[in-house]
Structures are given as structure tokens and as C-alpha cells.
Amino acid sequence: MTKTYVVAGAGFKGFCDCLELLKQPDCKVYMVDPAPFFGGVIYSSEVHGFNVDKGVHVFDSIPVDLADVITEIMGGAVKEIDFVSESAFNGKVTQGYSLPDLSSMDDCNIKDAITAELVKLASEDHSNDHFRTLRELFDGRYGKTAGSIFSKIFENIYHVEPNELEAKALSQTSMGRMKHLSDEEMLVLKSHSWLDTVLAARRKSLKVKVDDFVSIYPDTGEAMRGWCERTTQWLQKKGVELCLGESVVKITENSGKAVVKTTKREICADKVIWANDNVKALSSAMGFECDLSDYQHRTSLVLMTMITEADKIKDFTYLQNFDPEAVNYRIASAGIFSGQVKEDGTSFITCECPVELNSEDWNNAEALAGRAWQECKHLGIVSQDATLVHLDIAKIPVAFKLPKLGYSEQLDKFRDDVSLRSKNVLFRDVTPFYRREIYLDSLEIGSLL
Ligand SMILES: Cc1cc2nc3c(=O)[nH]c(=O)nc-3n(C[C@H](O)[C@H](O)[C@H](O)COP(=O)(O)OP(=O)(O)OC[C@H]3O[C@@H](n4cnc5c(N)ncnc54)[C@H](O)[C@@H]3O)c2cc1C
């Protein structure tokens, strides 16, 4: 008998869940999303004739199985990205590394203190480590000295103190490992099994294949939008009914099925898979009220697209800036790695600048852009004589949603409320953040249905 599923959310999570459902021999899938396009946050915007992703978006470090599906969807038009990442801290750039590199600090006493604290931590038992706050996690993993530096870096990027957040906020950051010495010295420390899990060295110096994951990017010059549009067609060919520009209004139970009323149709489904984090909309559709926004810290972002001469842009993937005084967080040579150079020789870089909502920088983003452009020159992303031909500023009020203390408890309560009202609505786990984790989490969906 045909099973009918409604997947609410046409972002990457909805896509991965859909992939799993399509493995069933006889099923009909409806994918519902209020946005008029497939892809969620991945969908690129058009800026002065360029396709520009909303920040750095790549299929980075994904399993080969997923890369095969993406390659099939793209008709082979993908390129492997050999990440040329960099990170900046203390005004110094470290090549081939995308975590904070504290080895660029001049003060050897601080580095010695960090090493001594790590060695002491390594002698302790960590089997029952449980950190309530992110600050406790920083201190418990990296020691108090490095923990306090990580906290400052974190505060500058996310505009919240890590002691206000649950430890699991770490999973949305690039701060899951630490490096404070040269690669050779880090490798010596990493020979201890616990330190190996908290410390980092640059991949190149590890001299072994670190994992089997691959990093790819669409190779059609349309940025991630190219993938979104091809995936729309691919899903439709597989029989998925894409209900875009449609919202779920009501979910009720009838004869053991879920009746889903959208703004345009009614679907009688065996299961509803809620593949987005909109708790408010789901509770409202099910006839109760829940809003977890007070339990989330929302970081806003000013995303700048800077159009300049292609030959003045450094040919690399992206840089993460961990300088506590920095304006830019991530800067990408996105126009170059997405293959977009116009006949007039221009291309673009993107700058993600986390800024507090309604702050002076938010309200006067042109002035902020001036500082960001100078920072790009200083970091060598564009050469000193590059011209800012066009500037586009997009303000994203909610870019990251970080769990404040108490969030998980409230989320569990919400989950219970949902399952009390219906056994046919599956509220998906909202914790997996990066695409690899989202995909791996979706592989479990069969056992959850
Ligand atoms: C700036 C930025 C850069 C990132 N870069 C990377 C990266 O390079 N690599 C990586 O692996 N990860 C990256 N991520 C993480 C990224 O969020 C995930 O990888 C993934 O794309 C998120 O997919 P999603 O489906 O969970 O969310 P989204 O893409 O946000 O999709 C959610 C969808 O649900 C829809 N929706 C909302 N309410 C409802 C409703 N009531 N009913 C139905 N649908 C609804 C929305 O319209 C949206 O389409 C980045 C995140 C950000 C914010």
C-alpha cells in the first residue's frame, strides 16, 4: 500500500529526509515550504548579475554517498574543492587552517600556561565530562587560559557570553578544537589520546588521510542556486510533489492518519516529517502555543558582496577571522571558486560581518563596509590597489540560533506535547547543523517512522 509523507521544510534537512523516504518502494512525498524556492539558506541571491551565496556555503566534508547523489543531480558538473582555508588571529594569518590559531600570539608565557593546563587536564579522568555551559566546556577542554581567549573570540563573533549558552552551541562554531603551538609541537601533545580529541594540527602536517569525506561545489557558474534549481527538477522527476510558497495551516488526526491542511490543499498523510525548526508554526498548526525564541540567542549578520577586479582577488576558498577586534568573520573568494568572472574582468568576494541588530554598525552598514574592505586589504584577500566597483549590503536579522540555558529542556517538553497530540508527526532533531551531520542524521529516519 502506498505510504504518504509530508515533509515540511524544503531546506537541506528536508532534502536529506526526502532522499531516505524515496528509498521506500511505494511512497508519495509532498514537500511543503512557505518560501517560493527549494534550498532554504543555501539558495543564492542575484547581485549585479552574479549568483551570490548567503555566506560561505559549500558541500564541505560530506560522505561519498551524498557527494554521489549531488554529482548525479548536477549531471557531473561539480568540482572538488581542495580547501584552501585560512584563519586569522592576532592580526596574523595561518594558511591551511580554519580554527583559531593561538600560536600567532607573541607572549610565550601564555602559551606555556596553556600547555601546563592541558597537561594537567590530560592526567584527569574525562569519561564523565558534562558541561552545562559553553564557557564550562571551553575551560574544561582547553584549560582556563585558552578557555578565556576562546570566550572572547566567541563573544566578538556571536555577541553573547558563552556562559549564557548551553554547551552544545559549540556544534555551530568552528571552535571545536584548539591549537596554540607549532604543528610539530601540537603533534607531540596529540600523542596523548585525550589531547588528540581536543587539539588540532594542520591537516598537511598530520601526513595521514584524516577521513573519507569529500568537499564539492557546483561547477556551472550559478553558485549553490544551480544545485537548488537542478534538485527541484530531480525531485519532481522522482515523483515528489513540491508545494512551494505554501504553508501548513492545520494538522489534525483522522482514522490514524494526519490530515494536513496547507494554504492551497489538504493531504491525508501517514506521517508528517517536520524538517525545520519553526516550533511556533508547528504548535499553532497542532492547536497549541509554543515559542522557543526566548531560549535562543539570535546572531544577526551583515552580508557584503564586494565586486572588484578578479585578478586582484586572492585565489583561495575562505578565511575565518578570529581576531577579537575584527569586523569580518568569514571572507570568501566566492566569485572565483564559483567560476564567476564577467567579461569586464570583475568578480566578487563575500564578507560575513556579525553585527548586533539595530546597533550603530547595523544602521550604518556603509561605514562598516568601508572598514571591512580595508580589513580585506590588510589580510591580503584583495590587493592594495583593488577597486571596490560595487558594494551590495544584505542584512540578515537571524543567521545563527544558539541554545540559551534551558533550551533543551523546553525543546523536550515541546516534543512531548507534539507526540501527545499525534503519533504521526515527527519533529526532527534540530541539533545537527553542518550538512554532513544533517545527512547522517537523516539516515536514521527509517527507524523513527
Ligand atoms: C551563514 C551560514 C553559512 C553556512 N555554511 C555552511 C557550510 O558551508 N557548510 C555546512 O555544512 N553548513 C553550513 N551552514 C549550516 C546550514 O545551516 C546547514 O548546513 C543547512 O543548509 C541547513 O538546512 P536546514 O534545512 O536545516 O535549514 P534551512 O536551510 O534554513 O531550511 C529550512 C526551511 O524550512 C522552511 N520553513 C520554515 N518554516 C516552515 C514551516 N512552518 N513549514 C514548512 N517549512 C518551513 C524555510 O522556509 C526553509 O526553506 C551554514 C549556515 C549559515 C547560517
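A polar side-chain atom of His 57 lies 3.5 Å from a nitrogen atom of the ligand. This is a predicted model, in which local features need pLDDT of at least 70, side-chain atom pairs count only at pLDDT 80 or more, and totals for chains, interfaces and linings use all residues. Residues are numbered from 1 along each chain as its sequence is written, and side-chain values use heavy atoms, with hydrogens and water left out.

**The ligand and its surroundings**

- A polar contact here is a pair of N or O atoms within 3.5 Å; within protein, one must be able to donate a hydrogen and the other to accept it, and residues adjacent in sequence count only if both atoms are side-chain atoms.
- Asp 33 places a polar side-chain atom 2.6 Å from an oxygen atom of the ligand.
- Val 58 takes part through its backbone: a polar atom there is 3.3 Å from a ligand oxygen.
- The ligand has 1,000 Å² of accessible area on its own, and the protein covers 85% of that. Such areas come from the Shrake-Rupley method with a 1.4 Å probe; for residues, only the protein chains shown count as cover.
- Around the ligand there are 30 residues, of which Lys 13, Asp 33, Val 41, Val 56 and Arg 435 come nearest. A residue is near a molecule or strand if one of its heavy atoms lies within 4 Å of it.
- By type, the shell holds 16 nonpolar, seven polar and seven charged residues. Ala, Val, Leu, Ile, Met, Phe, Trp, Tyr, Cys and Pro count as nonpolar, Asp, Glu, Lys and Arg as charged, and the others, Gly among them, as polar.
- At least two shell residues come from each of α1 (12-21), β2 (27-33), β19 (390-403) and α15 (435-442). Helices (H or I, at least four residues) and strands (E, at least two) are DSSP runs, numbered from the N terminus.

**Domains**

- The protein chain is divided into domain 1 (3-37 + 224-286 + 422-448), domain 2 (45-97 + 213-221 + 295-403) and domain 3 (103-201). The bounds come from an automatic or database domain assignment.
- The ligand lies between domain 1 and domain 2, because both give residues to the shell around it.
- The centres of domain 1 and domain 3 are 38 Å apart, taken over C-alpha atoms.

**The whole chain**

- The protein chain has 16 helices and 20 strands.
- Its radius of gyration is 23 Å, close to the 22 Å that the globule rule gives for 449 residues, so the chain is as compact as a globular protein of that length. The radius is taken over C-alpha atoms, and the rule is 2.2 Å times the number of residues to the power 0.38.
- Along the principal axes, the C-alpha atoms fill a box of roughly 70 × 60 × 45 Å.
- Of the 449 residues, 52% count as buried. Buried means under 20% relative accessible area, exposed over 50%, and partly exposed in between (1.4 Å probe, protein chains only).

**Residues to look at**

- Ser 215 sits in strand β9 (residues 214-218). Ser 215 is buried, at 10% relative accessible area. Its side chain reaches the backbone nitrogen of Ser 61 at 2.9 Å.
- Ser 61 belongs to strand β5 (residues 59-62). The phi of Ser 61 is near 50°, a positive value in a residue other than glycine.
- Ser 255 is not a glycine either, yet has a positive phi of about 50°. Ser 255 lies in the loop between β11 (248-254) and β12 (257-262). Ser 255 is exposed, with a relative accessible area of 72%.
- Leu 301 is in strand β15 (residues 296-309) and is buried, at 3% relative accessible area. Leu 301 and Val 398 are 97 residues apart in sequence, but 7.2 Å apart in space, C-alpha to C-alpha.
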